[in-house]
Amino acid sequence: MTLNPAALDAYWMPFTANRQFKKAPRLLTQADGMYFRDDRGRQVLDGIAGLWCVNAGHNRPHIVQAIQAQAAELDFAPPFQMAHPKAFELAEQLVELTPAGLNKVFFTNSGSESVDTALKMAIAYHRVRGEGARTRLIGRERGYHGVNFGGISVGGMVANRKMFGTMLGGVDHIRHTHDPARNAYSVGQPAHGAELAEDLERLVALHDASTIAALIVEPIAGSTGVLIPPQGYLQRLREICDKHGILLIFDEVITGFGRTGNPFAAQTFGVTPDIMTAAKGLTNGCVPMGAVFAHQKIHDTFMNGPEHLIEFFHGYTYSAHPLACAAALGTLKTYAEEGLLTRASTMQAQFAEALHSLKGEPHVIDIRNMGLVGGIELASLPGEPAKRAFNVFLDCWEQGALIRTTGDTIALSPPLIIDSAQIDRLIDTIRTALRRVA
């Protein structure tokens, strides 16, 4: 269907240039496998898994059937003091995939809610164990942790923060790891930058460890432009957190569920956090859902006092929603049957080769990759930041491929079912656009 201009007026779109969009709408009407279909009937190659979330591709039978059946059987169940069987079934299946020790699951409805849940869990954990002064939260420059107040407070993307006041108090940030002078065009993890983890020691010296509850980082910083952690960097953060009794939180909303060649990036990098957030690929983007995975020791610390009293005063009306649980179970079944949680490890060499073939193309100043995620950084147009990448996005759309841009970086995260020919087509589409865009 094609909408007339008046039908576009009421909807205030998120993270969108609303005026530009409504002059030339880009409307998606169907999806199947690796492709969307738009309102002009064109097939559009999905180069970003919807929005980092449709890891198994679109219109997958197990997921569709699970949602349909669940809607007819049990549409809602209250999550406070009540539950339904699929919530427990899903939690059991999920902890089979997480790093050892992360065997407690708290369900949310989005990545933003997962982050705020994790932050509250960390602060409350220290209070319950008798260290109530540990309330300070540490994020990282250029970090993205969703759009709730907790997430933008620990996040470090300026545009997401500058309009919304002072945010949470007691928050500080370590340096980001982007170092193009030493690491430009690295294939996989950059060789330089592990020492940047020592910036956490600077904040410990400034604030004292006794005031710090947690450090939260993305293993791969996605929304800021695909920043891959330097070799040894995450390991060093883990060591410093252990040294000072600080909880380490990994935000795996983007990297979870196969993006790096393992179920979670924590396994790819060999570093286990104390708390880990997830969403997106949990339900293949079909029904909103998030999760927080907590270490056994954190959960058990809360299990004290009279048994009839609530241990953790937090939750959502739609936590473990029956339709979301059904969608997640169908998603996990699809991942398992097709080996999708590890498929990125077999496709990453070809993806990296194709991606790095763009070196030398007009305006390209850096390329970064890991698993099936890639970033292509472009030189900004003088005085018009983000415009060049947006023009590439529009050109690719007209060619029948969907990419994502953040600032002047093109971010790619195709569904894990992508094949060799589709990788080549995606990269060639970007190559053509780069050569046409001034």
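Good morning. I begin with T409, which has its place in strand β15, residues 409-412. Helices (H or I, at least four residues) and strands (E, at least two) are DSSP runs here, numbered from the N terminus. The model is a predicted one: local features need pLDDT of at least 70, side-chain atom pairs count only at pLDDT 80 or more, and totals for chains, interfaces and linings use all residues. Residues are numbered from 1 along each chain as its sequence is written, and side-chain values use heavy atoms, with hydrogens and water left out.

Is T409 buried or exposed? T409 is buried, because its relative accessible area is 4%; buried means under 20% relative accessible area, exposed over 50%, and partly exposed in between, with a 1.4 Å probe and protein chains only. Contact, in this talk, means heavy atoms within 4.5 Å. Leaving aside neighbours within four places in sequence, T409 is in contact with G225, R368, G375, I376, E377, A389 and R404.

In a regular strand the side chains alternate between the two faces of the sheet. Both faces of β15 are covered: T409 and A411 on one side are buried, and so are I410 and L412 on the other.

Next, the partners of β15. Two strands pair if DSSP finds at least two bridges between them. With strand β12, residues 373-378, β15 pairs in the antiparallel sense over 4 bridges, and there G374 stands opposite L412. With strand β14, residues 404-406, the pairing is also antiparallel, over 3 bridges. T406 has T409 as its bridge partner in β15. β14 and β15 form a hairpin with 2 residues between them, and G407 in the turn has a positive phi of about 60°.

I turn to strand β7, residues 212-217. How many of its residues are buried? The count is 6 of 6 for β7. β7 runs parallel to strand β5, residues 136-140, joined by 3 bridges, with L137 opposite A214. β7 also runs parallel to strand β8, residues 247-251, through 4 bridges, and here A214 stands opposite L247.

Now the open sheet. It consists of 4 strands in the order β1-β2-β3-β13, with mixed pairing. Its edge strands are β1 (28-32) and β13 (401-402), each pairing on one side only. Within the sheet, β2 (residues 35-38) and β3 (residues 43-46) pair in the antiparallel sense over 3 bridges, and F36 stands opposite V44 of β3. Helix α16, residues 420-436, packs on this sheet and touches β2, β3 and β13; its direction makes about 100° with that of β3. Axes are lines fitted to C-alpha atoms, for helices over the stretch in contact, and angles run from 0 to 180 degrees between N-to-C directions.

Finally, the helix pair. Helix α14, residues 340-356, packs with α16 at an angle of about 20°, their axes 10 Å apart. α14 is therefore roughly parallel to α16, since angles under 35 degrees count as roughly parallel, over 145 as roughly antiparallel, 65 to 115 as roughly perpendicular and the rest as oblique. M347, Q350, F351, A354 and L355 of α14 make the contact with S420, I423, D424 and I427 of α16. These contact residues divide into 6 nonpolar, 2 polar and 1 charged. Ala, Val, Leu, Ile, Met, Phe, Trp, Tyr, Cys and Pro count as nonpolar, Asp, Glu, Lys and Arg as charged, and the others, Gly among them, as polar. Thank you.
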